[in-house]
Amino acid sequence: MLRRQSGTKAPPPPERLPSQDKYSSKRVLPLLAAAVACIVAASLILRTTMASALQTDDVVTCQDQHRLSGRAVPGTTLADDGHCVRASSLDAGVCVEDAADWRGVHKRRCLPSLAVIGAMKSGTTNIMLYLQNHPQLRTSEDFIGWPQESRYFSAAHDPEAAGRNWRFYLRKYPPASDGVLTFDKSPNYLLNPKIPSVLASLMPSLKLLVCLRNPTSRAYSHFQHECRNGRIVQKEDAVYRCKPGHKNCGERLTFPCAPEAFDRLVTAQLAGAPEDRCAWARGSGSGDSNVLPRGFYDCQLAPWFDRFPRSQLLALVFEDFVSSREATLEAVARVERFAGLQPFDYGRSARVAAVERLYALMPSRGGRYAPMLAATRGALDELYCAPNRALSATLRRPLPWPCGGTEPAV
């Protein structure tokens, strides 16, 4: 944290996200640990309750699946005794029932009906915290039932091979009860141009949610995120990203990183930037972090629009939905309508209130860092000017960012 020194001018107020609370480890950590324990216990109870409510009626047997013409409709359950289910029969919202285990219990899991594909540092976690508490929605979980990003396809060396091994993907999701849908939340999906074709071949009816943020502010938040996780290093005058444990890294900078360090990183990246911004945005296609190219949303969305109808993608703007709790809940209500869910009153849910308090206590929400240098902001606003105009035209709406004021097309 920056401190005012005697005889010196106070530094400018730090840049921060809306609704961030003060963070004090001595005060917060015991409360955080207790809250985590309570929510984990609630998750386990919910998981057990839902598993006991599983229904196995109206399952399409292996013998009857050959009668299916094309893909199964959402909500259909296909029996998978002996791995008889074909990928060509699947779609978003289709469920698959495993063979009975040694207790005679079947487990049914459903492919996602919705995927939150990005962008990183644009409020996807904020939206997920509400969606995962909707009584009709579940997301991928870890071994204790805690919600987590699946990152299944972006973490794969070969996304197409990962798609063919769809049963491993399905196991990321909890056993399903009647009327409950699943959703995938993986912000790295947006960046990887190989993933749209994989998801479209496996789940052509999948609905997509993308959260977009002023790319200049998003880049600085991303940089500080990398700094917080020990991935920003300095060697002589150069500042760059280097994974922990990697050889020949320079001196790791401690959080918060100074705005001058961000300026040096931006200057170096702009000096070596390719002329084709879409090639820069795609990078290696592995989904690995790269601070500046992630702001070229127009390039990243193009492969998705090539494989999915535009009616299946909903775009939310970060600056709109984080302005207040009411604005966030209105954005979540838009997602509910988009996904075909029944409205849920989050404001009266005790569990949602507990999750909101827990999220506010997270160390990443309490981070403070000095604002970006004016020269750095100007350089990035210029970099993203043409992409912002293109994105505004693509989405047919103005955007509250520099060069994002294009009028919607008629």
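Start by selecting helices α2 (124–131) and α12 (350–361). These two pack at an angle of about 155°, with their axes 10 Å apart. That makes α2 roughly antiparallel to α12, because angles over 145 degrees count as roughly antiparallel, under 35 as roughly parallel, 65 to 115 as roughly perpendicular and the rest as oblique. The axes here are lines fitted to C-alpha atoms, for helices over the stretch in contact, and angles run from 0 to 180 degrees between N-to-C directions. The crossing of α2 and α12 is right-handed; a crossing gets that name if the near helix is turned clockwise from the far one by less than a right angle, and left-handed if anticlockwise.

Now show side chains. On α2, pick Thr125, Asn126, Leu129 and Tyr130; on α12, pick Val352, Val355, Glu356 and Tyr359, and you have the residues that make the contact. Contact means heavy atoms within 4.5 Å. Sorted by class, this set has 5 nonpolar, 2 polar and 1 charged residues. (Nonpolar covers Ala, Val, Leu, Ile, Met, Phe, Trp, Tyr, Cys and Pro; charged covers Asp, Glu, Lys and Arg; the others, Gly among them, are polar.)

A quick word on what you're looking at: this is a predicted model, where local features need pLDDT of at least 70 and side-chain atom pairs count only at pLDDT 80 or more, while totals for chains, interfaces and linings use all residues. Residues are numbered from 1 along each chain as its sequence is written, and side-chain values use heavy atoms, with hydrogens and water left out.

Select Phe344, in the loop between α11 (325–339) and α12. Which residues does Phe344 touch, leaving aside its neighbours within four places in sequence? They are Asn133, His134, Pro135, Glu336, Ser349 and Val352. Phe344 counts as partly exposed, at 27% relative accessibility. (Buried means under 20% relative accessible area, exposed over 50%, partly exposed in between, with a 1.4 Å probe and protein chains only.) Try a distance too: the C-alpha atoms of Phe344 and Val332 are separated by 9.6 Å, and these residues are 12 apart along the chain.

Stay in this loop and click Gly340. Gly340 is exposed, with a relative accessible area of 57%. Its C-alpha atom is separated by 9.7 Å from that of Ser113, which sits 227 residues away along the chain.

**Over to α9 and its partners**

Select α5 (residues 195–202) and α9 (residues 297–307), which pack at an angle of about 25° with their axes 8 Å apart. That makes α5 roughly parallel to α9. α5 passes α9 in a right-handed crossing. To see where they touch, show Ile195, Pro196, Ser197, Leu199 and Ala200 in α5, plus Pro303, Trp304 and Arg307 in α9. That contact has 6 nonpolar, 1 polar and 1 charged residues.

α9 and α14 pack at an angle of about 35°, with their axes 8 Å apart. Here Tyr297, Asp298, Leu301 and Phe305 in α9 meet Pro387, Ala390, Leu391 and Thr394 in α14. This contact divides into 6 nonpolar, 1 polar and 1 charged residues.

Is Arg396 buried, partly exposed or exposed? At 48% relative accessibility, Arg396 counts as partly exposed.

Glu236 also has a positive phi, of about 60°, although it is not a glycine. Find Glu236 in the loop between β9 (232–235) and β10 (238–241). Glu236 counts as exposed, at 74% relative accessibility.

Now for peptide bonds. The one from Gly118 to Ala119 is cis, with omega near 0°, and Ala119 is in the loop between β5 (114–118) and α2. Another cis peptide bond joins Phe255 and Pro256, with omega about 0°. Look for Pro256 in the loop between β11 (251–252) and α7 (259–271).

**Zoom out**

Finish with the whole chain, which has 14 helices and 12 strands. Helices (H or I, at least four residues) and strands (E, at least two) are DSSP runs, numbered from the N terminus. Buried residues make up 48% of the 410 residues. Among contacts between residues at least 6 apart in sequence, 66% join residues at least 24 apart.
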